Amino acid sequence: MNAPLNSDLDEQERALLAMDVAWVQWRSAFRQKLVAGGDRPVRSIFEADMIFAIVAHHALKGRPVTLKELATYFGSIATEATVSRHIDDMVTNGLVERRLDANDRRRMFLIPTRRLEGIGHEFEQARLRIMREHGFVWNGGNKAG
Amino acid sequence: MGDDDNKVTSEEIGASPAVTFNLDDCTIDAQERAALGIDVAYVQWRADFRRTVIAANVLNRPWRSVFEADMMFSIVAHRWLAGRAITHKELATYFEIFVTEATVSRHLDDMEESGMIVRQTDPDDRRRIFLLPTRRLETIGHGYLQARIRMMREHGFVWNGGEAAGGAKAIDPARAPE
């Protein structure tokens, strides 16, 4: 099983793979910590992480995402029912709040809580560190497309 | 965990109020926001990519938990590239906090059926099963990794050729979890 390797994956691609390995290990430890803190274990954690990111990103842009819009992101990945169950868990854990649009009661906004902000800092700082350690360095957004 | 992580304890998280707040008070900084931006772009790309893979007809049922599966592919590929193919048992260890060993096995069934990996029994120890990437996984892997690299770059994260102090080698991520 230790045969010489014959793959044309370049160094940058390999660095990204190594980053994922480090990330899974960090994420595993982080989950243990949250569960130890009393959080209910969450299903499909990597999917949940993406939902948190989308909810936070939209709120930070000044207009919270709706449940329907969120489900659209996951079109080919998860059903609306699955996304909705994720939101149930997040509300139970005090990380997201549902709020009906006062102007259109069919629209449900998803709002991040202070608690999500606190957890979000640690989560993003760990990711940024792991990215940096694998050579992906922040340039201050100078070349942001 | 590195010393520069913004560490929060379980107690602080438990004590942090589950209430919404004003955008003006938010302390998430520009770099953290950029990381969120990567995720948003990534989910959109990943949903499209999933359609491409489904259209290729390599698996005749929907793929389960794609983000989880992606991490499994990365670990299998990384370990193989590091010259030490990972075993089924080692892979399950990485995920033991997230999913059961049966779930890992079902993922591997899908991966094998779709021709992304091959399971190979260790001739010296028949209880050990190595997970080997295929050429098909490599082809898909290029598309996947290049898209992620592009999205990081578009959000301001630029590859420095692995020159960062305490780089990947210092971590030895190929090391199996204890």
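Trainee: What order do the three strands of the open sheet in chain A have?

Mentor: The pairing in this sheet is antiparallel. Strands (E, at least two residues) and helices (H or I, at least four) are DSSP runs, numbered from the N terminus. Two strands pair if DSSP finds at least two bridges between them. The order is β1-β3-β2.

Trainee: Which are the edge strands of chain A?

Mentor: Each edge strand pairs on one side only. They are β1 (65-66) and β2 (96-101) of chain A.

Trainee: What kind of model is this?

Mentor: Residues are numbered from 1 along each chain as its sequence is written, while chains are lettered from A and ligands numbered from 1 in the order in which they are written. Local features need pLDDT of at least 70, side-chain atom pairs count only at pLDDT 80 or more, totals for chains, interfaces and linings use all residues, and the model is predicted.

Trainee: How many bridges join β2(A) to β3(A)?

Mentor: The two strands form a hairpin, with two residues between them. In β3(A), A:Met108 stands opposite A:Leu100. The strands run antiparallel, and the bridges number six.

Trainee: Which residue of β3(A) stands opposite A:Thr66?

Mentor: β1(A) pairs with β3(A) over two bridges, in the antiparallel sense. The residue opposite A:Thr66 is A:Phe109.

Trainee: At about what angle to β3(A) does α2(A) run?

Mentor: α2(A) lies across β1, β2 and β3 of chain A. Axes are lines fitted to C-alpha atoms, for helices over the stretch in contact, and angles run from 0 to 180 degrees between N-to-C directions. Here the angle is about 100°.

Trainee: Why is one side of each edge strand in chain B left without a neighbour in the sheet?

Mentor: Chain B has an open sheet of three strands, with antiparallel pairing and the order β1-β3-β2. β1 (86-87) and β2 (117-122) of chain B stand at the edges, so one side of each has no neighbour, as each has a single partner strand.

Trainee: Which strands of chain B does helix α3 touch?

Mentor: The strand β1(B) pairs with β3 (residues 125-133) of chain B over two bridges, in the antiparallel sense. B:Ile86 stands opposite B:Leu131 of β3(B). Helix α3 (residues 66-81) packs on the sheet, at about 100° to the direction of β3(B). The strands touched by α3 are β1, β2 and β3 of chain B.

Trainee: And which strands of chain B does helix α5 touch?

Mentor: Helix α5 (residues 101-113) also packs on the sheet, and its direction makes about 115° with that of β2(B). The strands touched by α5 are β2 and β3 of chain B.

Trainee: How many residues of chain B are in contact with chain A?

Mentor: Two residues are in contact if their C-beta atoms, placed from the backbone, lie within 7 Å. Chain A brings 78 residues, and the number from chain B is 77.

Trainee: Which element gives the largest share of the side of chain A that touches chain B?

Mentor: Several elements of chain A each supply at least two residues of this side, including α2 (45-60) and α5 (114-133). The largest share is 20 residues, and it comes from α1(A).

Trainee: Which residue of β4(B) is the bridge partner of A:Val137?

Mentor: β4(A) and β4 (residues 157-159) of chain B run antiparallel, joined by three bridges. The partner of A:Val137 is B:Val158.

Trainee: How far apart are the end C-alpha atoms of helix α2 of chain B?

Mentor: The expected span of a helix is 1.5 Å times one less than its number of residues. Helix α2 (residues 30-55) has 26 residues, so the span should be 38 Å. The model agrees, with its end C-alpha atoms apart by 38 Å.

Trainee: What percentage of the residues of chain B count as buried?

Mentor: For chain A, with 145 residues, the share is 43%. For chain B, with 178 residues, the share is 29%.

Notes:
A residue is buried if 20 or more other C-beta atoms lie within 10 Å of its own, exposed if 12 or fewer, and partly exposed in between; C-beta atoms are placed from the backbone.
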